[in-house]
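Colleague: Before I use your terms, I would like to hear what stands behind them. Please take me through the model.

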Amino acid sequence: MNQPTPLSTPTPRVILVGVDLGASNFDGDLQELGLLAKTAGYEVVERVACKRRAPDPALFVGSGKADEIKQLAQATGASEVLFDQALSPAQQRNLEHHLGMPVNDRILLILEIFAQRARSHEGKLQVELARLQYLSTRLVRRWSHLERQSGGIGMRGGPGETQIELDRRMIGDAIKRIKERLVKVKKQRATQRRQRERRDAFTISLVGYTNAGKSSLFNALVKARAYAADQLFATLDTTTRQLYLGDAGRTVSLSDTVGFIRNLPHGLVDAFAATLQESIDADLLLHVVDASNPSFTEQIAAVQGVLKDIGADAVPQILVFNKLDAMHPDSLPLATQDVMELDGKPTDRIYVSALSGDGMSRLRAMLAQRVAQGSRANEDNTLGEFAGIGDAPL
């Protein structure tokens, strides 16, 4: 007897909406939001871009544009609308009432992707913390039953405590518990870092915009098999391996970190502080840039903004312009190694292709040179300390 074929869940069809408010990095084609939607498992059926001087307080896009989006949804069979900008709880509630379907923003979409991709215990904790922090501001828009009063004898909560207050308190308790568990994770990481410091380990951390090819570069350098794919946020959990540099005659510690993105939710920056701590404590950052992306300048600025937020902007950097093989012939660099100004500082830049291997030997030589310089600086500091001790009065 033939077994019935299980019904597959239909892919949600969504409409993307972006509002040009005069920002220099406005994505008129909504390409990045489309990639985020695809990564989260949505099918994009329509894209709507409009221009406004300021967001409409009630509907963000105004009633006329909201009516247009509603008609598009009915014509295309879309079941959800995704906004490229962050919506306030009131705007989200009003739009859902006006359109008659779920409405979400870029922040929730990123949180959803992170929830799907987190693998380690630490990563799952961090995502859950960010999700709860986001949810705590959205209670008023979702559930009508939250307006009921609860409390009294035999009831959870104090006398006259509304259901929404109870739910907020429960979410607040969950946030507190997760933060306590993350503190333990930070202590464990601190212990690991102290052990590396005792071994005089030189640490290098890969940072960069999501899908710039960090994991591919990581695999090419250390001959590892870390997951790498042509998609946003392919890697969420930090991976650390040992890298031997023959020209320096020593081994260094190399870490691959989560990719950054413009308008990264602050809750995620805070929640991933433990993971990004690898970048803060690194001796050198390899800032990986997708050289084939026309918006690489804006992506560099977005990464620098996050590095500043986490206190890693003072760590020395090398700009690694990856995907040399994918660059248009007319935009190929005159030199594969030069200096570029980054936040007012001259910064070494090198063009490579992690896929073809072009430039990888030059990158290894550059890393060996930096490691040798760092070792000499540490030796000079140590000698200075001993000299100071010798000169001290008895």
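Colleague: What makes you call strand S8 mostly covered?

Modeller: This is a predicted model, in which local features need pLDDT of at least 70, side-chain atom pairs count only at pLDDT 80 or more, and totals for chains, interfaces and linings use all residues. Residues are numbered from 1 along each chain as its sequence is written, and side-chain values use heavy atoms, with hydrogens and water left out. Buried means under 20% relative accessible area, exposed over 50%, and partly exposed in between (1.4 Å probe, protein chains only). In S8, residues 284-290, seven of seven residues are buried, so the strand is called mostly covered.

Colleague: Which residues of S8 point one way and which the other?

Modeller: Leu284, Leu286, Val288 and Asp290 point one way, while Leu285, His287 and Val289 point the other way. In a regular strand the side chains alternate between the two faces of the sheet.

Colleague: How do you know that S8 pairs with strand S5 and strand S9?

Modeller: Strands (E, at least two residues) and helices (H or I, at least four) are DSSP runs, numbered from the N terminus. Two strands pair if DSSP finds at least two bridges between them. Five bridges join S5 (residues 203-208) to S8, and six join S8 to S9 (residues 317-322), so both count as pairs. Both pairs run parallel. Ser205 stands opposite Leu285, and Asp290 opposite Asn322.

Colleague: Why is Val17 called buried?

Modeller: Its relative accessibility is 0%, so Val17 counts as buried. Val17 lies in strand S1.

Colleague: What is the largest nonpolar core, and which residues have the most contacts inside it?

Modeller: A nonpolar core is a set of buried Ala, Val, Leu, Ile, Met, Phe, Trp, Tyr and Cys residues joined through side-chain atoms within 4.5 Å. The largest has 37 residues, and Phe233 and Leu307 have the most contacts inside it. Among the elements that each supply at least two residues are S1, helix H1 and helix H11. Helix H4 gives the most, with five.

Colleague: What does Phe233 contact beyond its neighbours within four places in sequence?

Modeller: Its contacts include Leu36, Ile110, Phe114, Val258 and Ile261. Apart from this core lies another, of 26 residues, among them Ile204, Phe218, Leu286 and Val288.

How values were computed. Contact = heavy atoms within 4.5 Å.
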